Amino acid sequence: MKRIFITRRLLSIAGEMLSKYFDVDKNTKNEPIHENLLPGIVAEYNGVLSTVCDKFTREVLKKSDKLEVISNYAVGLDNIDVEFANSIGISVYNTPDVVTNSTADLTFVLLLSLIRKISAARKFVRQDKWKSWDPEIFLGEELAGKKIGILGFGRVGQAVAKRALGFGLNVMFYDPFVEVADPSLKPRTTQVPFDELLKESDYISIHAVLTRETRGMINLDSISMMAKKPVILNTARGAIIDTDSLVQALRDGLIRGAALDVTYPEPIRGDHPLCKFENCIVVPHIGTATEECRYNMAELAAQNIITHFGLRQ
Ligand SMILES: NC(=O)c1ccc[n+]([C@@H]2O[C@H](COP(=O)([O-])OP(=O)(O)OC[C@H]3O[C@@H](n4cnc5c(N)ncnc54)[C@H](O)[C@@H]3O)[C@@H](O)[C@H]2O)c1
């Protein structure tokens with residue numbers, strides 16, 4: 001029987017599905033396995049169900065002996081040297097589509113919370129400062145009629161566009177590799193060059209995959225082209241933004257704010273400069289953190305392994 005290792009405590013559906021076909025071992029704790037254990041796991045098991053915390057570098061993968069498949073419980077695969085894995089015969093899978101709606105929803109949670117100052121307003125009530133209706137407190141901004149620039153127009157980017165259109169935003173996007181096929185989006189969105197997106201956007205929302213090209217794409221040079229001092233949102237991967245540049249942009253008022261589900265490095269400490277700005281929200285990589293999404297991810301990640309070995313659930 002093939003042997004599968006699950007690297008993190010996940011919803012039981014994953015283990016239940018896999019146990020029907022494989023000999024399954026798992027990390028039963030809700031904490032990442034120590035990186036020193038990964039070489040041993042890739043040497044002993046035929047398949048691994050992994051999370052973004054597990055770094056399958058070339059050095060780790062070189063230790064693989066029996067490993068045939070890695071099924072990552074995420075859409076991003078930047079924790080795995082996929083090219084090298086494939087070159088030594090290991091197939092790598094992810095969990096696209098099932099994460100799209102939850103991540104797009106979170107993007108708007110972050111945007112609206114930031115521009116309507118929800119954290120400060122909530123704190124105000126808890127501190128018993130609400131004495132009467134006040135025409136001057138917590139003035140934010142309205143979305144309708146503004147421009148959102150979406151960087152990376154794949155599954156999540158397009159789901160964000162649909163929500164943005166519902167709020168009356170004008171939608172621009174930059175993505176060198178995408179043809180918009182969705183008939184509900186094509187006539188209502190505008191594909192623009194990168195510099196135009198930077199110049200014209202009131203809000204910039206990042207949904208590109210992390211690659212050599214997109215790493216550090218938002219830096220002081222690109223920020224200096226952001227004529228409207230936009231709000232920057234990142235629910236993709238932290239390293240697409242150069243962190244020092246973002247801190248400087250917030251400090252110098254080059255942007256109106258930032259809302260980040262992902263950071264670089266990740267995690268960041270509570271005393272990190274990004275956590276100190278009133279106009280910067282940082283949440284701990286919770287884009288996919290809904291009951292529905294996590295169930296579907298667990299199911300799909302298990303199914304990917306079952307299908308890989310030519311079995312049927
Ligand atoms: N915060 C979270 O929990 C969470 C959840 C889901 C997805 N993500 C991340 O969000 C990103 C998007 O996910 P997705 O499912 O939409 O992936 P996707 O593959 O459908 O879309 C990614 C898009 O990035 C585009 N892209 C590649 N290079 C680019 C470049 N140089 N400039 C602009 N665009 C470029 C691709 O053409 C593609 O359309 C991924 O990085 C994923 O890891 C994060």
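Trainee: Which residue in strand 11 is the bridge partner of Ile-232?

Mentor: The partner of Ile-232 is Ala-258. Before we go on, this is a predicted model, where local features need pLDDT of at least 70 and side-chain atom pairs count only at pLDDT 80 or more, while totals for chains, interfaces and linings use all residues. Residues are numbered from 1 along each chain as its sequence is written, and side-chain values use heavy atoms, with hydrogens and water left out.

Trainee: How do you know that strand 10 and strand 11 pair?

Mentor: Two strands pair if DSSP finds at least two bridges between them. Strand 10 (residues 231-234) and strand 11 (residues 257-260) have 4 bridges, in the parallel sense, so they meet that rule. Strands themselves are DSSP runs of E with at least two residues, helices are runs of H or I with at least four, and both are numbered from the N terminus.

Trainee: What is the strand order in the open sheet of 7 strands?

Mentor: The order is 8-7-6-9-10-11-12, with parallel pairing. Strand 8 (189-191) and strand 12 (280-282) each have a single partner strand, so one side of each lacks a neighbour in the sheet, and they stand at the edges. From one strand to the next, the twist averages 15°.

Trainee: What makes helix 5 a helix that packs on this sheet?

Mentor: Its contacts: helix 5 touches strand 9 (203-206), strand 10, strand 11 and strand 12, where contact means heavy atoms within 4.5 Å. The direction of helix 5 makes about 150° with that of strand 10; such angles run from 0 to 180 degrees between N-to-C directions, with axes fitted to C-alpha atoms, for helices over the stretch in contact.

Trainee: Why are helix 5 and helix 7 called oblique to each other?

Mentor: Helix 5 (residues 100-115) and helix 7 (residues 155-166) pack at about 50°, with axes 9 Å apart. Angles under 35 degrees count as roughly parallel, over 145 as roughly antiparallel, 65 to 115 as roughly perpendicular, and the rest as oblique. The pair is therefore oblique.

Trainee: What is the strand order in the open sheet of 5 strands?

Mentor: That order is 2-1-3-4-5, again with parallel pairing. Strand 2 (23-26) and strand 5 (91-93) are at the edges, each with a single partner strand, so one side of each has no neighbour in the sheet. Helix 1 (residues 12-19) packs on this sheet, touching strand 1 (3-6), strand 2 and strand 3. Helix 11 (residues 291-308) packs on the sheet too, touching strand 1, strand 3, strand 4 and strand 5.

Trainee: What makes Lys-2 and Glu-68 a salt bridge?

Mentor: The rule asks for a side-chain nitrogen of Lys or Arg within 4 Å of a carboxyl oxygen of Asp or Glu. Lys-2 and Glu-68 come to 3.0 Å, N to O, so the pair qualifies. Lys-2 lies in the segment before strand 1 and Glu-68 in the loop between helix 3 (58-61) and strand 4, 66 residues apart. By this rule the count comes to 11 salt bridges.
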